[in-house]
Amino acid sequence: MSHFDEASAAVQAALEAGARYADCRVMVRRGESMSARDGDIEDVGSGESAGLGVRALVGSSWGFYAVPDLSDGAARAAGRRAAQIAAASATVPGPPVDLVPAAAVEASWANACEIDPLEVSLSAKGDLLVGATTAAKQAGADLAEAAYQVWDTRKWFVSSEGHRIDQHTRECGAGVWASAFGDGEIQRRSWPSYGGQYGTSGWELVESLDLIGNAPRMAEEARALLSAPLCPSGETTLVLGGEQLALQIHESVGHAIELDRILGWEAAFAGTSWLDLSQLGSLRYGSELMNITIDPGRPGALGSFGFDDEGTPATKRDAVRDGIWVGVLAGRDSAAVAGLDYAGSVRSDGWARLPMVRMTNVGLEPGPHTLDEIIANTDDGVFMDVNRSWSIDDRRLNFQFGCEIGYEIKNGKLGRMLRNPTYTGIGPKFWQSMDMLSAETVAWGTPNCGKGQPGQVGHTGHPAAPARFTNVRVGVRG
Amino acid sequence: MSIDIIRTGAELELAARVVELVRQVAGPGAEAEVMVRHDAEALTRFANSMIHQNVADAATNVRLRLHLDGRTAAGATTLVDTDGLRGLVERTVAAARLSPPDATWPGLTSPTPLHRSSGHHGSGERSGLDFGFDEATARADPAERAGRVRDFVRAAGGLETAGYCRTTYSSAAFANSAGQSVEGRTAEAAMDGIARAGGADGVARLASGRLGDLDGAVLGARAAAKARAGLDPVELPPGHYEVVLEPEAVADLLDNFSMFGFNGKAYAQKQSFAELEAEQFDPSVTLIDEPLGSRAEHAPGLPFDDEGTPRESLVLVRDGVTKAVAHDRSSAAEAGTTSTGHASPASRTWGPYPSHVRMEAAPAATEPADPASPVAESAQPLIARMRRGLLITDLWYTRVLDPKTLVITGLTRNGVWLVEDGEVTGAVSNMRFTQSYPQALANGQVLGIGSESILLPDRWSGTRYAAPALHLASWNLTGNASG
């Protein structure tokens, strides 16, 4: 069933109410989730949400209004109200708003999906989570948890410039977590990552994770961590696993290259960026091994789509090339303000939220080595992997990350397991110290990226491989 | 332009219809609970001293949880016509039948009347508790929000500004197959903005049940004063510093205590520091969760939770002794106690947590405060007593390093100053800290508490906190933000 007619009615009503540009997204989303604890199902939930959101530009001011009603009358009323809200914005006006040019697109897109996640039986899914938590419990976990999530989203986008695009996106993912309780502390191991692994993919992704097979090892490692020595404090060579490096990219590159932050539009909440547009094309962000791409067309990654929420086709572009900052994540209005000629990174997390600049798949291109080679070439250092905590300042410079597990590296070999490993640094200094990079890339999915007011939860993907960094401060303690 | 959102009774009728549909589809043996919420939110956002986002939405969400033949499932929809509701029921019944057995189902809330509170303004006509609800806030239009933004921008006197003005309205009802049937409504307004001067940011933030309480000019002037006082900051070496935290920073402490410490599930699973009846805080510390408001304050929340349990004040810490944690029916059953009315759609997985915590203020200050100072009024007497330490306005991006000890790392934001011999002597650059929150408020560590608890909106959700300024003996600053 198409909803182009309702979207068109909303756009037309906004234009008749005075808008010089308008667009509308109709979204129908179904979701499903389940969690298990210690061999029992803890929660089973499903949801369905449908509505439309209209964006109207009146003069130099935006307005946005959203309703859960897909009738023609409701759509027209929403279009008019969006225009009225835009007019109210004009009481505190800014400079003229332009949009970078975009060709009208009529298209359909859907991601590859071998096994529809919503067609897999709940009992089979339950067996998977019960099996994984039982296996972890039997292997010594004090607390064993597992969960999956599924999102099935259909969108119909119409703009006053002639866009008519429909998309069908299926996303899912899962994880298992084992905790061990010690004297006054808790250690946790996660498979395959801190929050689970997610992708724009069918249920085949979850099957590939082998939650049950990996759960016992997580429990054993969590127990072992309780008696492992603390990560030493000081400066050392740091080797990061791919999962942790994915979050490092997300926090210290992905958010920093968001153009709305660079322009100050997020100054009061998410923050700004240390990057200055006058240095685009010349600023050294990292070592020559650092090549960061923005690639919403990457199959299977969680930040993938055919067209963003302004109708811009998915296009791969460079953000950092040979260590030099060369690109940003942009929308049509922010790009115009900055004098750039591209957009393509605007999304919202639902019909009721304003589309804004969001990460897509922001990833690090692979290097020439393997993780084994990196360790073999390290005389003295620490290996850390799987995120445990993350914190970074509002300009995206000063970060401190904690990982679930660490190992000392001595004379080219992994040594003792290390407890509570943390590292801290400043973004560009850290990236400039990257001197070895692996080819073993995985596109890690982050389904919990928070930004915007009212708050929105973004889905992003981060291709990353293990890498080595020199002179990094580790072992920060409270 | 007003928004046609003020309704009474519609949600309760919807909830009752869904309970009846469950009976038809699944039979009388099904245990069903239905929460219907109509939420309307409008937010006017400004940056670079102009309105750049101005949004509004309204939606009704129906959430059904049912327990059938020993199995449990939940479903939700925004489709509230006959087909949508029937689809929700049929889908959830089918999911329950296919789900694995649920050995921990805690059962339904039995019929229980709502608690009355002098601060509560949120209930509908049928509850008899409809006092104090601010229709003007619920009906606020974009021009009223824009007006406050304009006042904030003007009061900043040419400094660059950014922030938001928000109004929200919720009308909700709960019904279950055990006969519990309650309804209520609530409205809230909040304003949060910064002013920027030469790289220094100053903040002003306030929540209220009445939009009329928010004065953009007052907030803009306060933010600007802070920004101007933050110019030319110096870097200080890391170390343990005596600090005065302003209410904005204290709200972060309350938030992390709530989410991780007073979380009933974390407590039941031994992941929380909380030990009931233990002297875990300084005797000057009292923390109370107040979802029904207090004194003359409008209630910030609904008078019942997502399991239909009536809400009331919950004393978490009294005179330094931990007295309670928040529970929904599941965590309460696990801990061998009763629900405190803190169920949410996510509480069975994330855990129930207090979301309207007040830290009790100290008796009124004896010395008059300087209203023109960039320092929060209630913090001024605390600073006057500090020989050498830091005044910290706001904390940012705080994350838990260890849930049991509640060691947290994060950064300062929106203003740090060095205080020497009771006087602010200069601005300090932002710093990173790594600090156990319970340890910071432990016996002997709290040197003073401000005389007023300020209502502050949460950055992310609809929760809010009432926080005074706080004078602490030690705060572990582990590095400068610059490296």
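How many residue pairs are in polar contact between domain 1 of chain A and domain 2 of chain A? The count is 24, with both residues of each pair at pLDDT 80 or more; the model is a predicted one.

Start with the two domains. Select 3-227 of chain A for domain 1 and 234-474 of chain A for domain 2. Their C-alpha centres are 21 Å apart. Show the residues in contact across the boundary: 51 from domain 1 of chain A and 44 from domain 2 of chain A. About 3,800 Å² is buried between the two domains, and carbon and sulfur atoms give 55% of that area. On the domain 1 side, pick Val100(A), Tyr194(A) and Leu225(A), which lose the most area to domain 2 and together make up 17% of what that side buries.

Next, colour the interface by charge. The rule finds 6 salt bridges between the domains of chain A. Then select Arg189(A) and Glu404(A), whose side chains form a salt bridge at 2.8 Å, N to O.

Move to Thr315(A), in the loop between strands S10 (292-294) and S11 (317-321) of chain A. Thr315(A) counts as partly exposed because its relative accessibility is 37%. A polar atom of its side chain is 3.1 Å from the backbone oxygen of Pro313(A). Beyond neighbours within four places in sequence, Thr315(A) touches Ile294(A) and Pro296(A).

Last, go to Thr286(B), in the loop between helix H7 (264-268) and strand S8 (287-289) of chain B. Thr286(B) counts as buried, since its relative accessibility is 7%. A polar atom of its side chain lies 3.0 Å from the backbone nitrogen of Asp319(B). Leaving aside neighbours within four places in sequence, the contacts of Thr286(B) include Val317(B), Arg358(B) and Glu360(B).

How values were computed:
Residues numbered from 1 in each chain as written. Chains lettered and ligands numbered in written order. Predicted model: local features only at pLDDT ≥ 70, side-chain atom pairs only at ≥ 80, totals over all residues. Heavy atoms only, no water. Helix = DSSP H or I, 4+ residues; strand = E, 2+ residues; numbered from the N terminus. Buried < 20%, exposed > 50% of the residue type's maximum accessible area, 1.4 Å probe, protein only. Contact = heavy atoms within 4.5 Å. Polar contact = N/O pair within 3.5 Å; in protein donor to acceptor, adjacent residues only side chain to side chain. Domains from an automatic or database assignment. Buried area = accessible area lost by both parts, 1.4 Å probe. Salt bridge = Lys/Arg side-chain N within 4 Å of Asp/Glu carboxyl O.
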